[in-house]
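Please work through each solution step by step.

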Amino acid sequence: MPLLPSALQSATVPQIKVEGEARAELSRDLTLLQLDEDINGMKRLAATLIAIGPRDGERDEQLNWLDGRVLDFGKELKVFMGPTDAREEMFSGRLSAMELQMDQGRAPEVCCLAEDKLMDLRMTRRFQTYENVSEADLVQQIAAKHGLSAVVDINTPVWKMVQQWNQSDLAFLRERARRLAAEVWVEGSRLHMATREQRNGNAVTLIQGSNLFQVRLCADLAHQRSKVVVNGFDDAQQDPIDEEAGAETVAAEAQGHTHGIQVLERAFAERSSFRVREVPLTDAQASALARAALLGRARRFVTASGVADGSPAIQVGSLLRLERVSPAFEGDGYYVTRVRHQFDLTHGYRTHFDAERAWIGGAA
């Protein structure tokens, strides 16, 4: 009995479906495929295909993929990646652009671009005022307008008035999420907004010299602050608002390790940041804004950019553990903020990623 191939012997050529139908000829002609996503939401697909080849019933080779028979604007594309015996759906969206490139001495190429369901939100602009709403209310209202359900995992204050002023629905939700250190993404027919601790990303271990091919690690104090202060005025109570977030806000994410605020104050001195453009009307609003602003800085203290063996498990929101990269940078706690799943004919399937964490190892 022949042995079944192991994962190392399996092909990693992506499978592409058009309107639910697997098209082997697309995989055959594929020279480059890139799937990009980051914490701002929206997955983007770019697929490059050899554009000349045989066609059934024709004697001569033809220019393919531009006649609309297989690929056409608005058609649904699904991409499955990973070993042939364990492929996972990595992208679902609609084709929005086609490009033909012809260079002397090279076969013509067609590049197809597509975006996931957040494309509808990106292309819809509004002038609208919302009253007495939380971020959960905003996500639910906008999701309903696009035929999506809403999943919101974030505790937010209620805002007396929120205005969407000539913004796309996607830009508006991204802005609201950033103010509260949350993230927006779409999964199937569900529109999500959640903080990092609620996203529940899967855990992945990358070992330098094994499944981690390349990595650049950096600890940077340039944007670290000891605390963030937000001021305002509570008109209902006729009281000034003065809220701040400091080291205690970062302690939970640092897991008992040395975080950026500690290193900043040890190496230089206390540094404070004051937010003056927001107009909070309650203590709860100001506290939420201060906490989000400090976390946004603290989480970028240590950053990692790398290339790993192709893995569908590495997604935005995944929690990475890095090994064999020096005591200062190894360990867990890395949160993936950007990912590119790439297949090409030179390297096969590889995953490019950016990640960040709030602390550094003791050796630093």
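**Exercise 1.** Which residue in strand 14 does V152 stand opposite?

*Solution.* The model is predicted, so to speak of local features requires pLDDT of at least 70, side-chain atom pairs count only at pLDDT 80 or more, and totals for chains, interfaces and linings use all residues. Residues are numbered from 1 along each chain as its sequence is written, and side-chain values use heavy atoms, without hydrogens and water.

Step 1. Strand 11 and strand 14 (residues 190-195) pair in the parallel sense over 5 bridges; strands are DSSP E runs of at least two residues, helices H or I runs of at least four, numbered from the N terminus, and two strands pair if DSSP finds at least two bridges between them.

Step 2. V152 stands opposite M193.

**Exercise 2.** State the strand order of the open sheet and its edge strands.

*Solution.* Step 1. The 3 strands follow the order 11-14-13, with mixed pairing.

Step 1. Strand 11 (149-153) and strand 13 (182-187) are the edges, each pairing on one side only.

**Exercise 3.** Determine how helix 6 is oriented to helix 8.

*Solution.* Step 1. Helix 6 (residues 247-254) and helix 8 (residues 283-298) pack at about 50°, with axes 10 Å apart; axes are lines fitted to C-alpha atoms, for helices over the stretch in contact, and angles run from 0 to 180 degrees between N-to-C directions.

Step 1. Helix 6 is therefore oblique to helix 8 (under 35 degrees is roughly parallel, over 145 roughly antiparallel, 65 to 115 roughly perpendicular, the rest oblique).

Step 2. T249, V250 and E253 of helix 6 meet R291, L294, L295 and A298 of helix 8, contact being heavy atoms within 4.5 Å.
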